Amino acid sequence: GKQYINEVYKLSVDKLHELLFAESQFMRDFLELRRFSDVVYRPWKREESGNQTREIMYTITLSNPLAPKTATVTETQTLYKASQERECYIIDAEVITHDVPYHDYFYTLNRYMLTRVAKNKCRLRVSTELCYRKQPWGLVKGFIERNFWSGLDEYFRHLELELAKAETALTEPHRQS
Ligand code: YK8
């Protein structure tokens, strides 16, 4: 695995959770910047285990000359029952990218951990694992890994940038006119 974000924000943990996981304007704008389209959110539902899960479907735009121009994605998010309002949220996202070359070999597991630091301060950690459904041979494996990590690097660098902007916009004192 690889850790992508480990950052403290001047936002309450509930606010950050809302930005990232509540169909917020922030997320709508971010997905539009990333040129994601046809976004469909299924509602959260509670499982036997006490965890909650939901599915999100969307189409992504790819710029890799070896891949098709678009690919459909299914993201299954699990909000673990250990999560507690005002304290912490643990969310796993299993991401299946259909239609990309070698899509039947791998899927992505992203873990988001949001923890309270103070009333209006929280930490976000995001880590990613590349999971194989079947063992690719060496050349294919190298090919998948290069494209996988470079794609995710780009995505999370962008997310970090937009989150920093949102933090500033939300905490900057509003000027009187
Ligand atoms: C989610 C992992 C791999 C995939 C991509 C595959 C190219 C393969 C082609 C080679 C395009 C939002 C990624 C980055 C697409 C985007 C996925 C996102 C960022 C073999 C020629 C989508 C998190 C996420 C998980 C996996 C990412 C894909 O919330 O390189």
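Helices (H or I, at least four residues) and strands (E, at least two) are DSSP runs, numbered from the N terminus. This is a predicted model: local features need pLDDT of at least 70, side-chain atom pairs count only at pLDDT 80 or more, and totals for chains, interfaces and linings use all residues. Residues are numbered from 1 along each chain as its sequence is written, and side-chain values use heavy atoms, with hydrogens and water left out.

**Exercise 1.** Find where Y102 lies, and describe its phi.

Solution.
- Step 1: Y102 is found in the loop between strand 6 and strand 7.
- Step 2: Its phi is positive, about 65 degrees, although Y102 is not a glycine.
- Step 3: Now take D99. Its place is in the loop between strand 6 and strand 7.
- Step 4: D99 is not a glycine, yet has a positive phi of about 70 degrees.
- Step 5: D99 counts as partly exposed, at 40% relative accessibility. Buried means under 20% relative accessible area, exposed over 50%, and partly exposed in between (1.4 Å probe, protein chains only).

**Exercise 2.** Describe the aromatic pair of Y102 and F143.

Solution.
- Step 1: Start with the rule. Rings of Phe, Tyr and Trp (its six-membered ring) pair if their centres lie within 6.5 Å; planes under 30 degrees apart count as stacked, over 60 as edge-to-face and the rest as tilted.
- Step 2: A search of the whole structure finds 13 aromatic pairs.
- Step 3: Y102 and F143 form an edge-to-face pair, 5.9 Å centre to centre, with 85 degrees between the planes.
- Step 4: F143 lies in helix 3 and Y102 in the loop between strand 6 and strand 7, so the pair ties together parts that are 41 residues apart in sequence.
- Step 5: Y102 is partly exposed at 33% relative accessibility. F143 is partly exposed too, at 25%.

**Exercise 3.** Check the length of helix 3, then list what its buried residues pack against.

Solution.
- Step 1: The expected span of a helix is 1.5 Å times one less than its number of residues.
- Step 2: For the 34 residues of helix 3, the span should be 50 Å; the end C-alpha atoms are 49 Å apart, which agrees.
- Step 3: The buried residues of helix 3 include V140, I144, F148 and L152.
- Step 4: The buried residues pack against strand 1 (2-9), helix 1, helix 2, strand 7 and strand 8 (121-132).

**Exercise 4.** Describe the lining of the largest pocket by class and by source.

Solution.
- Step 1: The lining has 42 residues, of which I60, L62, T97, G151 and L152 lie nearest the centre of the pocket.
- Step 2: By class, 26 are nonpolar, 11 polar and 5 charged. Ala, Val, Leu, Ile, Met, Phe, Trp, Tyr, Cys and Pro count as nonpolar, Asp, Glu, Lys and Arg as charged, and the others, Gly among them, as polar.
- Step 3: Helix 3 gives the largest share, 11 residues.
- Step 4: What is a pocket here? On a 1 Å grid over the protein atoms alone, a pocket is an open set of points where a 1.4 Å probe fits, with protein on both sides within 12 Å along at least five of seven lines; lining residues have an atom within 4 Å of a point.

Definitions and conventions: Contact means heavy atoms within 4.5 Å.
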